[in-house]
Amino acid sequence: MLTRSRQDPTRFAQKLFQGLPQRYDLLAEALSFGQNRRWRRAMVDSVVDAGPTTVLDVATGTAGVAVQLARRTDAHVIGIDITEAMLHRGLAAVRREGLEERIALVSGQAEQLPFPDATFDALTFTYLLRYVADPAATLAELARVVRPGGAIASLEFHVPPRPLLRGAWWLYTRVGLPAFGVLAGREWYRVGRFLGPSITAHYDRYSDAWTIDAWQRAGISDIGIRLMSVGGGVVMWGRRTDG
Ligand SMILES: C[S@@+](CC[C@H](N)C(=O)[O-])C[C@H]1O[C@@H](n2cnc3c(N)ncnc32)[C@H](O)[C@@H]1O
């Protein structure tokens with residue numbers, strides 16, 4: 001049984017994701033009832049508007065966001081992730097799209113990015129902060145590699161704020177997802193059991209107000225936040241503070 005509390009979070013995430021890539025894209029859409037696609041698009045919108053020429057996509061996984069960034073901007077995109085198996089799948093997607101010249105995928109950790117300060121015009125990160133030990137320090141590291149004025153945007157799951165919808169969400173994440181996992185196989189059963197409690201635990205500890213404050217402390221300004229699909233997802237965006 002995979003339990004997060006006793007493990008280093010990086011190792012935990014690698015174990016969780018190493019068995020998922022093959023059906024990840026299909027199931028991520030199915031299990032979010034097609035909302036993941038909408039949420040990604042909303043996150044990428046805020047970066048497209050900034051017209052970047054270089055973008056870093058952190059926790060890029062199977063490169064879904066990186067591909068969308070390359071399609072919707074003229075930028076060169078680097079996707080970085082700690083799980084090699086996810087990156088391999090991502091590389092196949094990049095080749096299928098004919099985007100090898102525009103997207104590079106590299107192995108590495110969000111907490112220690114292998115890039116100098118102010119390298120990128122823009123940065124995106126998706127479903128990352130629940131997997132790091134210190135979200136505030138990780139945010140500071142993400143902001144470090146963005147040039148002053150550069151766009152930063154994120155996507156994460158969220159707990160619906162309205163009690164009735166929160167009840168339905170709770171049932172779906174605690175009963176529906178594990179039940180689906182029983183059908184989809186051992187790796188997806190793990191994810192099905194892990195995901196709901198992981199989202200709840202994250203927001204018990206880190207409220208939206210805390211997160212906005214952490215973005216500001218990391219050197220990000222002009223911050224916006226938008227709950228998606230009655231609060232099942234959250235998109236945030238901002239700008240690396242000048243100077
Ligand atoms: C739910 S997947 C999201 C993948 C992709 N962004 C998407 O939207 O489909 C989360 C990804 O975060 C990666 N990850 C987890 N912790 C990380 C860390 N500390 N640094 C870099 N990547 C990390 C995992 O390997 C996994 O590929």
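**View A. Contact between helix 3 and helix 4.** Helix 3 brings Arg40, Arg41, Met43, Val44, Asp45, Val47 and Val48 against Gly64, Val65, Gln68, Leu69 and Arg72 of helix 4. Contact means heavy atoms within 4.5 Å. By class, this contact has six nonpolar, two polar and four charged residues. Ala, Val, Leu, Ile, Met, Phe, Trp, Tyr, Cys and Pro count as nonpolar; Asp, Glu, Lys and Arg count as charged; the others, Gly among them, count as polar. The model is predicted: local features need pLDDT of at least 70, side-chain atom pairs count only at pLDDT 80 or more, and totals for chains, interfaces and linings use all residues. Residues are numbered from 1 along each chain as its sequence is written, and side-chain values use heavy atoms, with hydrogens and water left out. Helices (H or I, at least four residues) and strands (E, at least two) are DSSP runs, numbered from the N terminus.

The axes of helix 3 and helix 4 lie 10 Å apart, at an angle of about 45 degrees. That makes helix 3 oblique to helix 4. Axes are lines fitted to C-alpha atoms, for helices over the stretch in contact, and angles run from 0 to 180 degrees between N-to-C directions. Angles under 35 degrees count as roughly parallel, over 145 as roughly antiparallel, 65 to 115 as roughly perpendicular and the rest as oblique.

View B. Helix 2 (21–31), helix 3 (35–48), helix 4 (64–72) and helix 5 (84–96) each supply at least two lining residues. Helix 4 gives the most, with five. The lining divides into five nonpolar, four polar and nine charged residues. On a 1 Å grid over the protein atoms alone, a pocket is an open set of points with protein on both sides within 12 Å along at least five of seven lines; a cavity is a set where a 1.4 Å probe fits but cannot get out; lining residues have an atom within 4 Å of a point. Grid points are joined across faces, edges and corners, and a volume is the space filled by probe spheres set on the points.

**View C. The largest cavity.** One cavity of 30 Å³ or more is found in the whole structure. The largest cavity holds about 150 Å³ of space. Of its 16 lining residues, Ser154, Glu156, Tyr203, Thr211 and Met236 lie nearest the centre. Strand 4 (120–126), strand 5 (146–157), helix 8, helix 9 and strand 7 (233–240) each give two or more residues to the lining. By class, the lining has nine nonpolar, five polar and two charged residues.

**View D. Helix 7 beside helix 8.** The axes of helix 7 (residues 163–184) and helix 8 (residues 186–205) come within 6 Å and cross at roughly 165 degrees. The two helices are therefore roughly antiparallel. Their crossing is right-handed. Residues in contact include Trp169, Leu177 and Phe180 of helix 7 and Trp188, Tyr189 and Leu195 of helix 8. The contact residues divide into eleven nonpolar, five polar and two charged.

**View E. Helix 6 against helix 9.** Helix 6 (residues 135–144) and helix 9 (residues 208–217) pack at about 40 degrees, with axes 8 Å apart. They are therefore oblique to each other. Pro135, Ala136 and Leu139 of helix 6 meet Trp210, Ala214, Trp215 and Arg217 of helix 9.

Technical notes:
Left-handed = near helix turned anticlockwise from the far one by under 90°.
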